Amino acid sequence: MRITDIQRCEVRPGQLVEWTLSPATVEAAAELPDDARPPAYIQESHIKTARSVREDGLFVPTWLGTAFDIPGRIDLDALEDALRAWTLRHETLRSGFRQDGDELRRFTLDPGSVSLHREVVGDFTDATELVRHLQDRFDVAADALGWPNLIYSAVVRDDGASVYMAFDHSNVDAYSINRIPAEIHELYAGRTVEEAPVSSYIDFCRIERTDADGIDASHEVVGRWREFIRRCDGMLPGFPVDLGLTPGGPLPPQKLMREPLVGAEDAAAFEAYCRPYGGSLVGLLAATALIVREIGGQSVYRTVVPFHTRVKSRWSESVGWYVGGAPIEVPVPADFPAALKAVRAQLQAARPLARMPLARVLSLLGTDFRPTSPDLYSIVSYVDARGFPGAEDWAGLSAYGLIRVSYGDQVCVWVNRLHEGLWFAGRYPDTDVAYKNMRLYVERLRDIVVGVRAMPERPAAVSPATACPGGAGGTAPSTASLRP
């Protein structure tokens with residue numbers, strides 16, 4: 001989907017209706033014993049950071065969500081049934097955490113204990129006022145340090161409704177968000193989305209954590225991260241251009257830049273040119289390496305590439321935060337074909353590292369890079385979203401992936417392949433210098449994507465056995481995170 005914020009997702013006036021987990025559900029959760037399945041390392045790190053930032057006196061909302069239309073006169077009872085049925089399919093949405101000293105202890109409700117509470121908030125005639133209300137409400141209802149930490153809303157009009165769903169990041173990633181519109185549409189129409197039960201993200205958390213706890217500081221993955229961090233001067237990499245920040249200064253507010261990058265024909269030409277080296281993900285990173293050298297003078301481009309960790313098909317329908325990171329170091333060559341080759345080689349070598357949670361690696365290194373910032377490092381992410389159910393209908397349904405832009409000292413870039421072309425979104429520190437350099441980055445990125453048509457030589461073919469894993473993505477997108 002197109003990634004944007006709540007301010008720019010075509011919000012229109014109407015009657016606002018909200019659904020939250022009911023008081024009876026919340027009361028039942030308070031009486032539950034602990035669930036022995038632990039949090040994922042990424043969940044634990046996320047909540048720890050939110051608490052640390054809050055204790056420093058700054059509220060940094062980090063929710064994400066989706067917006068989409070349902071045309072026609074709306075049956076609120078049917079919509080409520082669809083929202084509840086969808087919630088029950090995904091166990092993580094009825095699970096939360098209690099703080100016990102330094103530990104997080106999970107609790108999980110049975111499906112029969114979960115009900116929704118519906119409230120008609122009222123009529124909004126002004127879109128700006130409605131946007132303000134939605135953002136403020138989501139900030140509170142989808143808070144990382146609270147539970148429940150999700151909320152569903154619908155703005156109802158005579159000709160249909162716009163649905164808005166927000167979640168704390170601990171429960172969802174971009175892959176999860178992209179699946180929601182089609183599933184809610186199917187359930188609302190009275191059709192069953194999947195006959196087979198959906199695998200639980202909580203089970204994945206247990207499996208992943210068990211594997212991660214089985215390694216120690218001598219493990220090869222830990223050693224490779226140790227060397228990468230050492231070459232980054234003891235830090236994890238930021239976006240290697242001037243952002244106009246004062247070292248040691250307060251966490252700055254952020255802005256969002258989002259726009260179409262290129263149309264469908266240019267996106268297809270770029271993918272075709274890059275395909276011998278793994279596809280558009282490789283091309284995007286290669287282009288970024290060249291651009292940041294132009295802007296910032298970097299001879300080596302170092303970054304952490306987010307990859308989804310849904311390596312088994314059993315997790316493909318599951319809602320959760322299935323994301324890991326792989327470190328790459330690209331000595332920046334002189335031209336784009338050489339950059340493609342360099343990036344492909346780095347991704348081939350680094351991709352397996354994404355399966356080990358970085359928070360576990362950092363704990364073994366005795367290092368914590370995330371006490372004060374919600375972002376551990378800057379990212380450049382690519383998702384080919386065309387294979388998601390209903391993707392061809394997103395434009396007509398005003399479907400968006402929503403992110404909350406608040407505070408942060410890093411740059412996070414997402415490029416999504418849609419049927420209409422490539423969509424760019426990036427959040428960055430709100431400084432004049434950062435805006436100028438981000439604007440330059442987008443324009444140069446567009447130049448390179450469009451410019452492959454004029455390049456006289458196509459890259460030499462690469463055998464399938466050595467092609468970059470996790471390249472273009474298809475129905476299993478290569479990167480799936482809104483925050484690292």
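Which residue in β6 does Gln15 stand opposite? Gln15 stands opposite Asp123 in β6.

## Basis of the model

This is a predicted model, in which local features need pLDDT of at least 70 and side-chain atom pairs count only at pLDDT 80 or more, while totals for chains, interfaces and linings use all residues. Residues are numbered from 1 along each chain as its sequence is written, and side-chain values use heavy atoms, with hydrogens and water left out.

## The seven-stranded sheet

Helices (H or I, at least four residues) and strands (E, at least two) are DSSP runs, numbered from the N terminus. Two strands are taken to pair if DSSP finds at least two bridges between them. Seven strands form an open sheet with mixed pairing, in the order β1-β13-β3-β8-β7-β2-β6. The edges are held by β1 (2-4) and β6 (116-124); each has a single partner strand, so one side of each is left without a neighbour in the sheet. From one strand to the next, the twist averages 20°. Axes are lines fitted to C-alpha atoms, for helices over the stretch in contact, and angles run from 0 to 180 degrees between N-to-C directions.

Strand β2 (residues 14-21) pairs with β6 in the antiparallel sense over eight bridges. Besides the position of Gln15 opposite Asp123, Leu16 stands opposite Gly122 in β6. Strand β2 also runs antiparallel to β7, to which five bridges join it; there the bridge partner of Gln15 is Val156. Seven of the eight residues of β2 are buried, so this strand is largely enclosed by the rest of the structure. Buried means under 20% relative accessible area, exposed over 50%, and partly exposed in between (1.4 Å probe, protein chains only). Helix α3 (residues 76-89) lies across β2, β3 (64-71), β6, β7 (150-157) and β8 (160-167), and runs at about 130° to β6.

## The four-stranded sheet

Four strands form an open sheet, again described by mixed pairing, in the order β9-β15-β14-β12. Here β9 (254-263) and β12 (379-384) stand at the edges with a single partner strand each, so one side of each is left without a neighbour in the sheet. The twist averages 15° from one strand to the next. Strands β12 and β14 (residues 412-418) pair in the parallel sense over six bridges. In β14, Asn416 is the bridge partner of Val383. Helix α9 (residues 280-296) packs on the sheet, touching β12 and β14, and its direction makes about 155° with that of β12. Helix α12 (residues 432-451) also packs on the sheet, where it touches β9, β12, β14 and β15 (421-429); its direction makes about 15° with that of β9. Contact means heavy atoms within 4.5 Å.

Why is β12 largely enclosed by the rest of the structure? Six of the six residues of β12 are buried, so the strand is largely enclosed. Both of its faces are covered: Ile379, Ser381 and Val383 on one side, and Val380, Tyr382 and Asp384 on the other, are all buried. Asp384 has Arg417 as its bridge partner in β14.

## Aromatic contacts

The structure holds 17 aromatic pairs. Rings of Phe, Tyr and Trp (its six-membered ring) pair if their centres lie within 6.5 Å; planes under 30 degrees apart count as stacked, over 60 as edge-to-face and the rest as tilted. One of the pairs is formed by Phe424 and Tyr441, which is tilted, at 6.3 Å centre to centre with 55° between the planes. This pair links distant parts of the chain, with Phe424 in strand β15 and Tyr441 in helix α12, 17 residues apart. Phe424 and Tyr441 are both buried.

One aromatic cluster is formed by Tyr201, Phe204, Trp315 and Tyr322. Arg209 lies over the face of Tyr41, at 3.8 Å from the ring centre. A charge sits over a ring if NZ of Lys or CZ of Arg is within 6 Å of the ring centre and within 35 degrees of the ring normal.

## Cysteines

A disulfide is a covalent bond between the sulfur atoms of two cysteines. Under the rule used here, a pair of cysteine sulfur atoms must be within 2.5 Å, and the count comes to zero disulfides. The sulfur of Cys9 is 20 Å from the closest cysteine sulfur, in Cys412, which is too far for a bond. Cys9 counts as buried, at 3% relative accessibility. Cys274 is buried, with a relative accessible area of 0%.
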